[in-house]
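The sequence and structure come next.

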Amino acid sequence: MGRWCHASAHRTSRFLRGEIHGLNTAFGLEEADLYEMRQCQGTVASAIFGNYDIMQQSEKISTFSKDIVCFMFLDEETEAAIKKISTVDNTKRIGLWRVVVVHNLPYPDPTAFVKVPKLLLHRLFPDVRYSLWIDGKLKLVKDPYQLLEIFLWRKNVRLAISRHYRHFDVLEEVEANKSGGKYDNASIDNQIEFYKREGLIHYSSAKFLITSDVPEGCVIIGEHIPITNLFTCLWFNEVDRSTSRDQLSFSAARSKIRSRVLFDN
């Protein structure tokens, strides 16, 4: 995938090409924003594209945690809508959120290009060690350091992803996506038939240690190390190659990485 991850899709390499990631590309960021992002050691990130959600302000954030910059990625349409009801100050902030406006979006579907910051935070923030992603519809009501402590440090794990509240089986999630009109059915069918040929089967207790094949994905807490960076790159590649429904491609990316490296669930 250009110089961000390895991928074959032409559109992917197109929007990631450039001397500096995000500068003069089809996921275009302003130099001032890129500079501030490169200074980060830890970040909370979210995004709203297509004016789809209402920006939520975080609560119960400690004074210590306020040093972690919270970045909200917006497209121009969402920025214009937010400015009608909120004021962006001279530091480009609305509350705790540091607003970053993205230009030259690489996909026609807002649910697709939100996956760039969601799954490629390690590329957008090259010096960050830990990151917390929350979907734009959510409000952060727990201190970020407490979340790191609860989900990563106590358990000695490197990546935590919210599990789907109802489905554990990809094939059940497929039917829910199709009946809900989440994406065109033919594209979903093509994606899943490909995964079946690659070995996708129904979820069952026989998949010992694996608690689910379907993430909710609205919260991702991670340490930026090679194995987690590789996993999210593989996951993004699946989204880029097929449909933007990342719940459908999660287990395929996980299977690919587990087949090649020692990777705990």
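## Strand E5 and its partners

Leu-132 stands opposite Ile-221 in strand E7. E7 comprises residues 215-223, and E5 pairs with E7 in the antiparallel sense over five bridges. On the pairing with strand E1 (residues 42-48), E5 runs parallel, joined by four bridges; there, Gly-42 stands opposite Tyr-130 in E5. Two strands count as paired if DSSP finds at least two bridges between them. Strands (E, at least two residues) and helices (H or I, at least four) are DSSP runs numbered from the N terminus.

The model is predicted: local features need pLDDT of at least 70, side-chain atom pairs count only at pLDDT 80 or more, and totals for chains, interfaces and linings use all residues. Residues are numbered from 1 along each chain as its sequence is written, and side-chain values use heavy atoms, with hydrogens and water left out.

## Burial

E5 spans residues 130-134, and five of its five residues are buried. Buried means under 20% relative accessible area, exposed means over 50%, and partly exposed lies in between (1.4 Å probe, protein chains only). On one side of E5 the buried residues are Tyr-130, Leu-132 and Ile-134; on the other they are Ser-131 and Trp-133. Across the 265 residues of the protein, 49% count as buried. The protein has eleven helices and seven strands.

Val-99, in strand E4 (residues 97-101), is also buried, with a relative accessible area of 6%. Leaving aside neighbours within four places in sequence, Val-99 is in contact (heavy atoms within 4.5 Å) with Asp-33, Met-55, Met-72, Leu-74, Lys-92 and Ile-94. Val-99 and Ser-46 are 53 residues apart in sequence, and their C-alpha atoms are 9.9 Å apart in space. For the protein, among contacts between residues at least 6 apart in sequence, 78% join residues at least 24 apart.

Ser-131 lies in strand E5 and has a relative accessible area of 7%, so the residue counts as buried. Its side chain makes a polar contact with the side chain of His-224 at 2.7 Å. A polar contact is a pair of N or O atoms within 3.5 Å; within protein, one must be able to donate a hydrogen and the other to accept it, and residues adjacent in sequence count only if both atoms are side-chain atoms. Not counting residues up to four places away in sequence, Ser-131 touches Thr-43, Leu-121, Ile-220, Ile-221, Gly-222 and His-224.

Rolling a probe the size of a water molecule over the atoms shows where empty space is left. On a 1 Å grid over the protein atoms alone, a cavity is a set of points where a 1.4 Å probe fits but cannot get out, and a pocket is an open set with protein on both sides within 12 Å along at least five of seven lines; lining residues have an atom within 4 Å of a point. Grid points are joined across faces, edges and corners, and a volume is the space filled by probe spheres set on the points. The count comes to one cavity of 30 Å³ or more. The largest cavity has a volume of about 150 Å³. It is lined by 16 residues, of which the closest to its centre are Ser-131, Leu-159, Ile-220, His-224 and Thr-232. E7 supplies the largest share of this lining, four residues. The lining of the largest cavity divides into seven nonpolar, seven polar and two charged residues. In this scheme Ala, Val, Leu, Ile, Met, Phe, Trp, Tyr, Cys and Pro count as nonpolar, Asp, Glu, Lys and Arg as charged, and the others, Gly among them, as polar.

## The second largest pocket

The second largest pocket has a volume of about 780 Å³. Of its 29 lining residues, Tyr-52, Asp-135, Lys-137, Arg-245 and Gln-247 are the closest to the centre. Helix H8 (170-179) is one of the elements that give two or more residues to this lining, and H8 gives the most, with three. By class, the lining of the second largest pocket has ten nonpolar, seven polar and twelve charged residues.

## Positive phi angles

Asn-51 has phi near 50°, a positive value in a residue other than glycine. Asn-51 lies in the loop between E1 and strand E2 (69-74) and is partly exposed, with a relative accessible area of 39%.

Asn-156, likewise not glycine, has a positive phi near 55°. Asn-156 is placed in the loop between helix H7 (144-153) and strand E6 (159-163), and counts as exposed at 57% relative accessibility.
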